[in-house]
Amino acid sequence: MKKKTLWGFLFTCSLLAFLTVESSQNAHAEMMDGHMKGRKMMGNKLNQTVQVFDPTDIKVFTNRLKLPGSSGLLGILNADSQIQLSASEQKTGILPGLKTSLLVYQANYNGKTFINPIIKIKKGDEFSLKFLNNLNEESIIHWHGIKTASKDDGMPQSVVNKGETYQYNFQVNNDAGTYWYHPHPHGQTGKQAYLGLASFYIVDDLQSESLEKSLGLEIGKTDIPLVIQDKRFDKTGKLVYKLNQMNRFMGYYGDTILVNLTPAPYLETEARIYRLRLLNGSNARIYRLAFTKNTDSFPFFIIAGDAGFLDKPYPASEVFLSPGERVEILLDLTKEKSGSELFLKSLEFDPMENEMGGKMKGMMDKDPDLNLQNGQEFYVLKFTVTGSSASTGRIPEKLSVLPGTAEKDVKIRKITISQKDMQWFMNGKQYNMDEYPIEVNKGTREIWEIVNPDLSMPHPMHIHGFQFLVLQRKGSPNQAIKSVIDSQGRLVTDLGYKDTVLVWPGETVRVLIDFTHNYQGTQDYVFHCHILEHEDGGMMLNYRVLE
Ligand code: C2O
Ligand code: CU
Ligand code: CU
């Protein structure tokens, strides 16, 4: 037996044995007659969850999308002086007629109250924030995608206890882009983020201001941050986060899809160009995003990936978005008539597909507690065009200049993913807070070659402190190859700086990282999988940048 086959055989056996035990406790789905259409009961009797809005049914998209305003939930907070941000538990209305207890970030700033504020700041400005932990356990805020010294990164080592504070002070050196923030206490990140702690961190610069001017964009109205998350609710409206051996291994999925904490949402638009900033804030689910009008594909333009503009808008018909990743798009609705309806949806895919095909198809379709499998097709957000607009802007021809990727004087480092006994490893290791298995030198460049074996699952790999450039993809599955744009196997979203890269089963992704910085002394960061159950389960390594 070849090594590859034996490995896959063991993988299949452990999973199958587990699934057999699980499904015997499974009660079958029953339809409920309620005021919420498409409501389904799932799971076993002990831990019953409710799929509140079935996102495969276009008729349920009747809830007005929550949009960022000047205060309140997802309010835009222009960071020009010290911010006090606390984390605590609060009751919020997510489902019609029910109250859901969430963990949220709250700020009182310039006389206004913000819940999970969208922090907005200009490149070059000083950011200063005091975090107050009012949770009953340790926490810390991590600024995902933001380049900072390790003391400001929100490392697992920086956690503070209930009632304690952590002061952040740094100058923002990132290019304009859509970044975000969430907790990072080791072992608790998945639960805390799932229960609500997450929002955007938006950086502006001269390039983004010129785009805004030319298209007449206004944040919250025509420039819209959209965080997509999947959750499980019980029938009282409570969020359910219950880990077992299988979802620790495969990641925790929900069957109710929320956009900006709105289930089955719709958005009324004008006939104009919109900038959408899409963030996958889910613990584990991957989205294959596309727009449709009637049943036809509706093209859009990709203008930015994780960390800044591409050189120009790229026309696209779909884009994969894995946990932690962002993509910015322009949606041109100028030719749409009033009454026209479009959907943002997630297309079907096979999470287990590798370069040899869909070998593992069906394996994931068996989570007995779940009504919406990873890779299943469903709708995300409905757009209804209600009027025209006076705006005259057009899709720009140019946006920015792409960074160079010359491979001179680089050290190559291999990062190999593996699994054993239903746990995930990187270079055979799991997270140890006091161990630094990767050491790099300040001011040097390295190529990290991330290798995911054939019989694995997709892992979104994320780096703290620095950004990377994707150089090459090898061994990609067909569903990804479909969107490849160059001879290096790269996708449009690979062209700009990134901090999170999806690595499919059987794929090797080479990324270039420049460890130049001007902080004092040795800097410590982490590199990890952004499936939060994988991260919490130890699929994370410390790395150290030596002075
Ligand atoms: Cu968004 Cu270390 O994470
Ligand atoms: Cu991060
Ligand atoms: Cu993973």
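**The largest pocket and its surroundings**

Modeller: By class, the lining of the largest pocket has 9 nonpolar, 9 polar and 4 charged residues (Ala, Val, Leu, Ile, Met, Phe, Trp, Tyr, Cys and Pro are nonpolar; Asp, Glu, Lys and Arg charged; the others, with Gly, polar). This is a predicted model, where local features need pLDDT of at least 70 and side-chain atom pairs pLDDT 80 or more, while totals for chains, interfaces and linings use all residues. Residues are numbered from 1 along each chain as written, chains are lettered from A and ligands numbered from 1 in written order, and side-chain values use heavy atoms, without hydrogens or water.

The lining comes to 22 residues, and those nearest the centre of the pocket are Lys147, Phe466, Tyr497, Asp514 and Thr516 (a pocket is an open set of 1 Å grid points over the protein atoms alone where a 1.4 Å probe fits, with protein on both sides within 12 Å along at least five of seven lines; lining means an atom within 4 Å of a point). Strand β36, residues 508-514, gives the largest share of that lining, with 3 residues (strands are DSSP E runs of at least two residues, helices H or I runs of at least four, numbered from the N terminus). The space in the largest pocket is about 460 Å³ (filled by probe spheres on points joined across faces, edges and corners).

Next, the copper sites. The copper ion (ligand 2) is held by NE2 of His142 and NE2 of His462, at 1.8 to 1.9 Å (donors are N, O and S atoms within 2.8 Å of the metal, or 3.2 Å for Na, K and Ca; water is absent, so sites may look incomplete). His142 belongs to strand β12 (residues 141-144) and His462 to strand β33, so this pair ties together parts 320 residues apart in sequence. His142 is buried at a relative accessible area of 0% (buried is under 20%, exposed over 50%, partly exposed in between; 1.4 Å probe, protein chains only). His462 is buried too, with a value of 0%.

The copper ion (ligand 3) has His459 (ND1), Cys529 (SG) and His534 (ND1) around it at 2.0 to 2.1 Å. Along the chain, the donors of this ion follow the spacing H-x69-C-x4-H. His459 is in strand β33 (residues 459-463) and His534 in helix α6 (residues 532-536), so the two tie together parts that lie 75 residues apart in sequence. Both His459 and His534 are buried.

Elsewhere, two residues other than glycine have a positive phi: Ala264, near 40°, and Asp409, near 50°. Ala264 sits in the loop between β18 (262-263) and β19 (265-271), and is buried at 3% relative accessibility. Asp409 sits in the loop between β28 (378-388) and β29 (410-420), and is exposed at 73%.

Strand β19 also holds Leu267, which is buried at 5% relative accessibility. Apart from neighbours within four places in sequence, Leu267 has contacts with Leu65, Leu67, Ile224, Leu381, Lys382, Phe383 and Thr384 (contact: heavy atoms within 4.5 Å).

As for the whole protein, it has 6 helices and 38 strands. Of its 547 residues, 62% are buried. Among contacts between residues at least 6 apart in sequence, 79% join residues at least 24 apart.
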